Amino acid sequence: MDPEIAALAGTAGTTVVTLMVTNAWESARDGMVALWRRFQPDRAESIGEELEAGREDLLLARRAGDAASEAELTAEWQGRVRRFLLARPEAADALRRILEEVNPSPLGEPGAERIRLQARASGSARVYQAGHDQHITER
């Protein structure tokens, strides 16, 4: 698989789930539905419904303090977007535009930077990643 497609799918899935609990949610949902409507019109309505169901699940999980559900939902949308891009690679530029609209990058502003993290762990290994300060206390 093209690493660029995998990275874009990862970013898109994470962004969509992150925005589910923000004021930008409607724009993000509408953008994703419009993307599907353009490239896979027969699935657009169900994608909108699945996004809304995911948002409801995420809100309930956050109220219950269930962080695992958010991680699962993120992985689910990363996979869904990856499969979409594999089927319709010509949609990648449109997806990038949607992501820029709903989550504008601060690039170009003084002191702004773009951070890309990637890690793999196996066995009992642990991975800690942060785009800025990170404080870990283990006992």
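## The Arg-96 and Asp-93 pair

Arg-96 forms a salt bridge with Asp-93, and their closest N and O atoms sit 2.9 Å apart. A salt bridge here is a side-chain nitrogen of Lys or Arg within 4 Å of a carboxyl oxygen of Asp or Glu. Both residues lie in helix α5, three residues apart, which is about one turn of the helix. Salt bridges that share partners join Glu-4, Asp-93 and Arg-96 into one network.

The cut-offs: buried is under 20% relative accessible area, exposed is over 50%, and partly exposed is in between, using a 1.4 Å probe and protein chains only.

## What you're looking at

This is a predicted model, where local features need pLDDT of at least 70 and side-chain atom pairs count only at pLDDT 80 or more, while totals for chains, interfaces and linings use all residues. Residues are numbered from 1 along each chain as its sequence is written, and side-chain values use heavy atoms, with hydrogens and water left out. Helices are DSSP runs of H or I with at least four residues, strands are runs of E with at least two, and both are numbered from the N terminus.

The structure holds seven salt bridges. One of them pairs the side chains of Glu-52 and Arg-29 at 2.4 Å, N to O. Glu-52 lies in helix α3 and Arg-29 in helix α2, so this pair ties together parts that are 23 residues apart in sequence.

Arg-80 and Glu-50 make another, at 1.9 Å from N to O. Arg-80 belongs to helix α4 and Glu-50 to helix α3, so the pair ties together parts 30 residues apart in sequence. Arg-80 is buried, at 13% relative accessible area, and Glu-50 is partly exposed at 28%. Leaving aside residues up to four places away in sequence, Arg-80 touches Trp-36, Ile-47 and Glu-50; contact means heavy atoms within 4.5 Å.

## Helix α1

Helix α1 covers residues 3–19, and its 17 residues should span 24 Å at 1.5 Å a residue; the end C-alpha atoms are 24 Å apart, which agrees. That expected span is 1.5 Å times one less than the number of residues. At the start of α1, a side-chain oxygen of Asp-2 comes to within 3.0 Å of the backbone nitrogen of Glu-4.

Buried residues in α1 include Ile-5, Leu-8, Val-16 and Leu-19. The helix's buried residues pack against α2 (25–39), α3 (44–64), α4 (67–87) and α5 (92–102).

Notes
A polar contact is a pair of N or O atoms within 3.5 Å; within protein, one must be able to donate a hydrogen and the other to accept it, and residues adjacent in sequence count only if both atoms are side-chain atoms.
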